[in-house]
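Work through the exercises below with the sequence and the model open side by side. Try each task before reading its solution.

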Amino acid sequence: MPRILVTRKLPSSVISTLESAGTVDLHADATALSPAQLRERLRGADAVVSMLNDQFDAATIDAAAQLKIIANVAVGFNNIDVGHARTRRVTVTNTP
């Protein structure tokens with residue numbers, strides 16, 4: 001079953017939908033994960049649902065060897081090194 005990291009609390013209906021697709025690792029704390037914490041929580045994750053203030057540089061993306069998708073809950077994706085994600089064949093999406 002895929003492991004999905006969710007970096008912020010989201011509506012329970014969203015979490016329920018994600019739980020039907022895999023095992024959810026929810027960071028429900030009001031404070032953001034530090035870069036080191038994010039890299040640690042990404043280890044073993046297949047997917048991540050992130051926010052605009054979560055930074056995905058090359059080192060962070062590389063920390064998640066089996067990562068397949070970064071789903072950014074934000075209009076943009078300036079917080080993600082999209083070029084590096086492409087080289088790792090990690091799909092990057094965002095909310096319109």
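**Exercise 1.** Is G22 buried or exposed? Find its place in the chain and its contacts.

Solution. The model is predicted: local features need pLDDT of at least 70 and side-chain atom pairs count only at pLDDT 80 or more, while totals for chains, interfaces and linings use all residues. Residues are numbered from 1 along each chain as its sequence is written, and side-chain values use heavy atoms, with hydrogens and water left out.

- Step 1. Apply the cut-offs: buried means under 20% relative accessible area, exposed over 50%, and partly exposed in between (1.4 Å probe, protein chains only).
- Step 2. G22 has a relative accessible area of 4%, so this glycine is buried.
- Step 3. G22 sits in the loop between helix 1 (12-21) and strand 2; helices (H or I, at least four residues) and strands (E, at least two) are DSSP runs, numbered from the N terminus.
- Step 4. A contact means heavy atoms within 4.5 Å. Setting aside neighbours within four places in sequence, G22 contacts M1, P2 and I4.

**Exercise 2.** What is the strand order of the open sheet, and which strands are at its edges?

Solution.

- Step 1. Two strands pair if DSSP finds at least two bridges between them.
- Step 2. The five strands run in the order 2-1-3-4-5, with parallel pairing.
- Step 3. Strand 2 (23-26) and strand 5 are the edge strands, each pairing on one side only.
- Step 4. From one strand to the next, the twist averages 15°. Angles run from 0 to 180 degrees between N-to-C directions, and axes are lines fitted to C-alpha atoms, for helices over the stretch in contact.
- Step 5. Five bridges join strand 3 and strand 4 (residues 69-73) in the parallel sense, and M51 stands opposite V73 in strand 4.
- Step 6. Helix 2 packs on this sheet and touches strand 1 (3-6), strand 2 and strand 3; its direction makes about 160° with that of strand 1.

**Exercise 3.** Which residues have the most contacts inside the largest nonpolar core?

Solution.

- Step 1. A nonpolar core is a set of buried Ala, Val, Leu, Ile, Met, Phe, Trp, Tyr and Cys residues joined through side-chain atoms within 4.5 Å.
- Step 2. The largest such core has 15 residues, and L42, V48, F56, L67 and I70 have the most contacts inside it.
- Step 3. Helix 2 and helix 4 (82-87) each supply at least two residues of this core.
- Step 4. A second, separate core has eight residues, including I4, L10, A47 and V49.

**Exercise 4.** How many salt bridges are there? Examine two of the pairs.

Solution.

- Step 1. A salt bridge is a side-chain nitrogen of Lys or Arg within 4 Å of a carboxyl oxygen of Asp or Glu. By this rule the count is six.
- Step 2. R3 pairs with D25, with the closest N and O atoms 2.8 Å apart. Because R3 lies in strand 1 and D25 in strand 2, the pair ties together parts 22 residues apart in sequence.
- Step 3. R3 is partly exposed at 21%, whereas D25 is buried at 18%.
- Step 4. D54 forms a salt bridge with R8, with the closest N and O atoms 3.4 Å apart. D54 is in the loop between strand 3 and helix 3 (58-62) and R8 in the loop between strand 1 and helix 1, 46 residues apart.
- Step 5. D54 is buried, with a relative accessible area of 1%, and R8 is buried at 12%.
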